[in-house]
Amino acid sequence: MLLTVSGPPGSGKSTTAELLADAFDLDHVSGGDIFRELADERGYTPLEFNKLAEENDEIDRDLDRRLREIALEEDDLVLESRLAGWLAGDQADFRFWLDAPARVRGERIAEREEKDPVRATEETKAREASEAQRYEEYYGIDIRDLTIYDLSVNTARWEPDAVLDMLVTAVEEYDPDGDEGKARIDLEYEF
């Protein structure tokens, strides 16, 4: 089974993906972890590396290529990244989108990175705008198009365990006989 968890920074992707992987005894691969590792290997902070990615498309393309390969080659996995649902394409059994208001996400990031919440929110909004532009330019993906996802959850409304319960219920209660159509993804990726 391949599950994807996508959403903007601070939406609870990592927390939820880890819980989901544990619930179904699946491996967990995080695009954010891979991105931070790439940044650290090159001596950059994630924000600096993201800025560099605006000028050097090979950074994004390398990360996305790795995630796409994982989605195509691995099974029994929760794949988590902003583009996981898009990159996994039709390989994914279920695609989940998590979100929360920008203020809430900024506060979560501020706590995690020991930053001022206002600054974290501003940086996050700038990062999201930059990434959205790049996704459109590179792959023709409108990150705001949620029609490919099986379920979208505002994680500011529920605690992590309640969000997990929703996703687990969606997977466990799935009946292929009642499925009227999984959203297809017809994109050609040029990595």
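This is a predicted model: local features need pLDDT of at least 70, side-chain atom pairs count only at pLDDT 80 or more; totals for chains, interfaces and linings use all residues.

Strand β2 is joined to strand β3, residues 77-80, by 4 bridges, and the two run parallel. Two strands are taken as paired if DSSP finds at least two bridges between them. Helices (H or I, at least four residues) and strands (E, at least two) are DSSP runs, numbered from the N terminus. Within this pair, His28 has Val78 in β3 as its bridge partner.

Residues are numbered from 1 along each chain as its sequence is written, and side-chain values use heavy atoms, with hydrogens and water left out.

Where does this pair sit in the sheet? The sheet is open, with 5 strands in the order β2-β3-β1-β4-β5 and parallel pairing. Its edge strands, each pairing on one side only, are β2 (27-30) and β5 (151-154). From one strand to the next, the twist averages 20°. Helix α2, residues 31-41, lies across β2 and β3 and runs at about 50° to β2. Contact here means heavy atoms within 4.5 Å; axes are lines fitted to C-alpha atoms, for helices over the stretch in contact, and angles run from 0 to 180 degrees between N-to-C directions.

On a 1 Å grid over the protein atoms alone, a cavity is a set of points where a 1.4 Å probe fits but cannot get out; a pocket is an open set with protein on both sides within 12 Å along at least five of seven lines; and lining residues have an atom within 4 Å of a point. Grid points are joined across faces, edges and corners, and a volume is the space filled by probe spheres set on the points.

The search of the whole structure finds 1 cavity of 30 Å³ or more. The largest cavity has a volume of about 30 Å³, and its lining consists of Leu47, Asn50, Lys51, Glu54, Glu123, Ala126 and Arg127. Helix α3 (46-55) supplies the largest share of that lining, 4 residues.

The largest pocket holds about 760 Å³ of space. Of the 36 residues in its lining, Pro9, Gly10, Lys13, Ser14 and Arg112 lie nearest its centre. Among the elements giving two or more residues to this lining are α1 (13-24), α2 and α3.
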